[in-house]
Amino acid sequence: MKKIVVYWSGTGNTEEIANKIAADLGCDAFSVSAISASDALENDLIIFGCPAMGAEELEDAEFKPFYDEVMASIGDKKVALFGSYGWGDGEWMRNWEAEVGANLVTNGLIVNGGASDIDDSEYQKFIGELNI
Ligand SMILES: Cc1cc2nc3c(=O)[nH]c(=O)nc-3n(C[C@H](O)[C@H](O)[C@H](O)COP(=O)(O)O)c2cc1C
């Protein structure tokens, strides 16, 4: 299955996680500013990364418009989610998973910090579900 990681990151935490996931899956990782929605849609599995922003929301200036454009044409392609958060409890990810609905392959990976803060067993489970 052709895969891609597409992310937004303000301070680099989600970017670190994006690069780790892409390296482990053997696919490319792009910032949303570096790829078009139509190029992302050339893939069968799109792995979106966005930190908790606003009040438990997706980043709305760059990421949300890109994500909405991809999702408008997602059809039966597969979607996975990840992102970094700070002081919350992961509410943004629960809302995001619910919004994706049936296209979601597995629960989103949430990390309180950057790549060095990843819970290894959760991470291995996430990667295992994406090795499709
Ligand atoms: C404007 C802004 C809003 C944020 N809102 C939340 C939030 O609602 N919940 C939360 O857990 N963390 C929130 N955070 C913390 C970020 O999710 C956290 O710093 C994360 O590591 C940033 O990821 P990044 O380095 O990929 O940008 C917010 C940070 C900023 C700058």
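I began with Gly86, where a backbone N or O atom lies 3.1 Å from a nitrogen atom of the ligand. I took a polar contact as a pair of N or O atoms within 3.5 Å; within protein, one must be able to donate a hydrogen and the other to accept it, and residues adjacent in sequence count only if both atoms are side-chain atoms.

I noted that this is a predicted model, in which local features need pLDDT of at least 70 and side-chain atom pairs count only at pLDDT 80 or more, while totals for chains, interfaces and linings use all residues. Residues are numbered from 1 along each chain as its sequence is written, and side-chain values use heavy atoms, with hydrogens and water left out.

I next looked up the side chains. A polar atom of the Ser84 side chain is 2.6 Å from an oxygen atom of the ligand, and an N or O atom in the side chain of Thr11 is 2.4 Å from a ligand oxygen atom. The ligand taken alone exposes 640 Å², of which the protein buries 78% (Shrake-Rupley method, 1.4 Å probe).

**Ligand shell**

I listed 17 residues around the ligand, and among them Ser9, Thr11, Ala52, Ser84 and Gly88 come nearest (a heavy atom within 4 Å). By class, this shell holds six nonpolar, ten polar and one charged residues; Gly counts as polar, and Asp, Glu, Lys and Arg as charged.

**Cysteines**

I searched the whole structure for disulfides and found zero (cysteine sulfur atoms within 2.5 Å).

I then checked accessibility. Cys27 is buried at a relative accessible area of 15%, and Cys50 counts as buried at 0% (buried is under 20% relative accessible area, with a 1.4 Å probe and protein chains only).

Note on methods: Buried means under 20% relative accessible area, exposed over 50%, partly exposed in between (1.4 Å probe, protein chains only).
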